[in-house]
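This briefing covers aromatic ring pairs and charges placed over rings. The sequence and structure come first.

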Amino acid sequence: MRALQVDLEVSLINSLLDYKFVKMKNVQAVIFSIMVLAAPSVSLCQVAGGTVAEQQDYTFAMGLYRDGQYPIALQQFKSFINHYPGSHHIDEVTFLAGECLLQERMFDSALSYYQRVMEQFPGSHYFAQSELRSGEIYLQLKKLGKAERLLKNALANSGDNSVKGEASYKLGQLFVARGDYNNAIKYFDLTYQGYPKSEFADYAMYGAAWSYGKLSQFAESKKAFAALLADYPNTKLRADAVEKMGECDFFLANYREASNEFSNAISLTKNSEIVEPSLYYRGRAFMAVGEPDSAGISFEEYLDQFPSGDHSQEVRVLYSTILISARSDIPEALRLLAQIKPDDPMYFNARLETARAYEASGDRDSAESTLLQLASSSKAESQVARSYFELGKFYFQNKSYGQSQEAFLLASKYPALYAEAMKNAAVSAAAASDYANAKLYFLNAISKLKGAQSVKAHFDYAASLYASRDFAGAAQIYTTAADIAPTDSEKSQALYMAAESSYRAGMYKRATADYQEYLKSYPAGDHAESAALGIGYSLYFSDHFAEAAKTFQNFINRYPSSPMLSDAYLRMGDCYYYAKDFQRALDIYKSAASSFAGDTSAAYAWYQIGQTYFQLGQYTQSLSAFQFVIGKYASSYVAPEARYAIGWVYFSEKDYTDAISNFSRVTEDYPSSDVAARAIYSKGDSYYNSGNYESALINYRQLLEKYPTSQYVDNAIVGMQYCLTILGRTQEAERVIDDFVKNHPNLPNVDRIYYKKVEYALNQKHYPEAKRDLREFLAKFPHSALVPKSLYNLGNVEVHLGNSQEAIQDFRKLISTLPSSDYTTASQVKLAEIYSGETNYAKAEKLLNEAAAASNDYGTTAQVDLGKLYLQRGDTLRAESNLSKAALSQTDSVNDGDKAEAKVLLSGIYFDKGRVADAISLANSVAKTRDDIIGAEAQLHVAEYYCASGDSSDAVLAFLRVKYVFSSFPDMVARSQLGLARCLVKYGNISDAKSLLEEFIKERSPDAFTRTAREELNKLNSR
């Protein structure tokens, strides 16, 4: 079913998902936008809160949006949000900011605005629309779990049928993407039946019909396509639907009807995507009904229209088969077959047909040599076997039974051909009166290669894998055992253990399917309860919270006396909790707390009740729930967490006095708890936030003394240093780490703690102290894993202190003593910088070449620096080579900018070589993925490339993008405005260039850029 296997996302169904981009039609329109934005009378910098100003700014932003000027509109929406946070338009404006970003396919940024709508405006008309848009984005990004939750929420929450219709349609697409065609059909049906006026209704009918085809339910698929044509006679999908109906009939073996439908589809359209498969399948349909002449006409027409079509090589083989069978034009058949080259997937079949052609023409030697050549040269085992199989048939037809028997035996080595090849070997042996071998071959042909006797071995192997915790391997073997198990008891055990193994391996999607298969086959089996719960847990751990909650509810309904009932309740509550449906979570937790009051499950339920109230902002109820846990379940494992949570509630409300009191109770009541260290640290933070730095110091110090191995030690040390610095006791701040190391010299991570002293000095830019501390660290911990980092930082400190020779010595020491460290590569890069600064380019080049060969992050930095060095020397060829390596590096550079910088520099080389499209594409790949200075530089390059290459419209848009996307880099914006002015001059727009320069000079404080602008304006005025 080849044509129906096309991914739905690239079919006609997806055409309505693609967002259209409105491009400004000409430079004048863009310049008008610039001038309007610059005019003080409509600036968004007016007095906030004025109703007239607010409405004007709203009207202006909306006008830009409706005209499709999305980047500019986005900036206005952002400014509106900042200036009028209390406006009654704020939900709409926030939503439309997301829409602008969506038009630019800036999905992550768009999502942040839709998320803001959902968080801040739950009662808004745009709430469900934001869920819908977010779901659509996640669908495009293939994050199907998130997409499903949001689209289902939009479907449930919206009162707008257009939103519901679109949400249900997108859910259909989502399930198509998952390969879950039954659910896809469910939502496609909902779209056109529940929301028949939706703009997606006919596409949904098409999607449902298409999905039936994917399920091989061709009768249902055809029926659905017919319904689409009846209900929407003017649909744009008409020709496509007719063609798909033909495919349905083809796979239903209704070849006559199929051929008529394909002919009808061809008559309805000239669209090659429809005509091409129609001609192909029509030819095959005619072959199936025994009309080779009609098939030949269809194939001939196909090759005439689509000589390089998707099916062209197969059609050449099929058409040749017709010609050979009819012996009507063997030379033409050989000509067509010769067009299929060795690297083509159809080459093997073409050579088989070539052998048939030779035999049909009486050239038996060529036929035999062709088959022998295929058998000896084919690399695929299946093709070798097939070659020998065809050779066996050739010899048999020519009564060479001994050779025929030998060829079939060689073919039998391939399992898929075993039985058939053995049968033919038996026939060949019988024809040669070799009855003993004939009997042996017949027995082999009807026997199974692997039988039920291997089941026990499969179970034993799987059990050993499970015991060794190779759960993924165990799952695979249990699945095989289930397939070959001869009894229900063995099969059910294998299915259940396959599911358990998949679950333990973290393969939750597969575990879900395995548990479901078990329940479907053995609904009353010994493991039915566990399997039903297992489905819920698998969905829960794969973040399918809505489905998991439904599964747990079904478990509760079906097994009301199960010993695992409390698990089902609690996990169902957790599903709603993590899906942020806090009210429903609360109801479930309360039910669990009531139903299992005497169980430890109730302690967890009450604890989660407290957490849920906290999430809802109902702090009084939250505190009550946590207090109940402590009172009723004081010895439970959640009691310490509950006491800590009470402190955290107060901390969140900035009630530091009560927070401190409850954090203290944690350490008093539960001194051995894992929560105790965290409580002491949080107590210190509470004192710090309340300005009581002395008490904060006491608690941070207590943590260091009582829990020196705690994960919070590092943060406590930093907290102490901040407190002491604020109190003006900087020398004590520096001694904090010395004291800790002195008191705990044998801690396994004592070197890492001591290194905090270095980091403190570096963060304070106290370079002399940092130098001292680094040398002390290297003396105290000569074998620490941090030695390479220390030597590297020591060299950097010397650079900051202006001691280049000492820096060189430190870097050289690292390079010579620790050649395999990543910091060695970094030191080579730093040394090269020093030598470059001293104009010693030969040494710099040597070091950078050595560093560039390293397969670590700094190697990328070295390649970029080499590229810069070669550019500086005019060696473009070697510069391009090194920058290309850096740009294509699979590692992330240490500053996350090296690869991006390499691409920007490389784009300049491409442009200078006349590779304009490559230059623009490369620079764009940086500009559209970064919001830092490198991204701004890349965007400016894009604008300059467009301008220089004659694309004035795209140049203007690119210059404007610098201004609005990278507005946080004023110098880059200034360069872009000057570049825009020059570009306008180049293309004869002198008046607009003057206006732009005048406005630029007026708005900007005097500096080098305004001086340049004034000089260029004077030149234009003197023309």
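A residue is buried at under 20% relative accessible area, exposed at over 50% and partly exposed in between (1.4 Å probe, protein chains only). The model is predicted: local features need pLDDT of at least 70, side-chain atom pairs count only at pLDDT 80 or more, and totals for chains, interfaces and linings use all residues. Residues are numbered from 1 along each chain as its sequence is written, and side-chain values use heavy atoms, with hydrogens and water left out.

**Aromatic pairs**

- Rings of Phe, Tyr and Trp (its six-membered ring) pair if their centres lie within 6.5 Å; planes under 30 degrees apart are stacked, over 60 edge-to-face and the rest tilted.
- The structure contains 57 aromatic pairs.
- One of them is the edge-to-face pair of Tyr 503 and Tyr 508, at 5.7 Å centre to centre and 65° between the planes.
- Tyr 503 is partly exposed at 21% relative accessibility, and Tyr 508 is partly exposed at 22%.
- Tyr 569 and Phe 596 are also edge-to-face, because their ring centres are 5.5 Å apart and their planes lie at 65°.
- Tyr 569 belongs to helix 30 (residues 565–578) and Phe 596 to the loop between helix 31 (582–595) and helix 32 (600–615), so the pair ties together parts 27 residues apart in sequence; helices are DSSP runs (H or I, at least four residues), numbered from the N terminus.
- Tyr 569 is buried at 15% relative accessible area, and Phe 596 is buried at 15%.

**Cluster**

- Ring pairs join Tyr 503, Tyr 508, Tyr 537, Tyr 540, Phe 541, Phe 545, Phe 552, Tyr 577, Tyr 578 and Phe 582 into a cluster.

**Charges over rings**

- A charge sits over a ring if NZ of Lys or CZ of Arg is within 6 Å of the ring centre and within 35 degrees of the ring normal.
- Arg 678 lies over the face of Tyr 644, 4.6 Å from the ring centre.
- Arg 915 lies over the face of Tyr 910, 3.9 Å from the ring centre.

Technical notes
Helix = DSSP H or I, 4+ residues; strand = E, 2+ residues; numbered from the N terminus.
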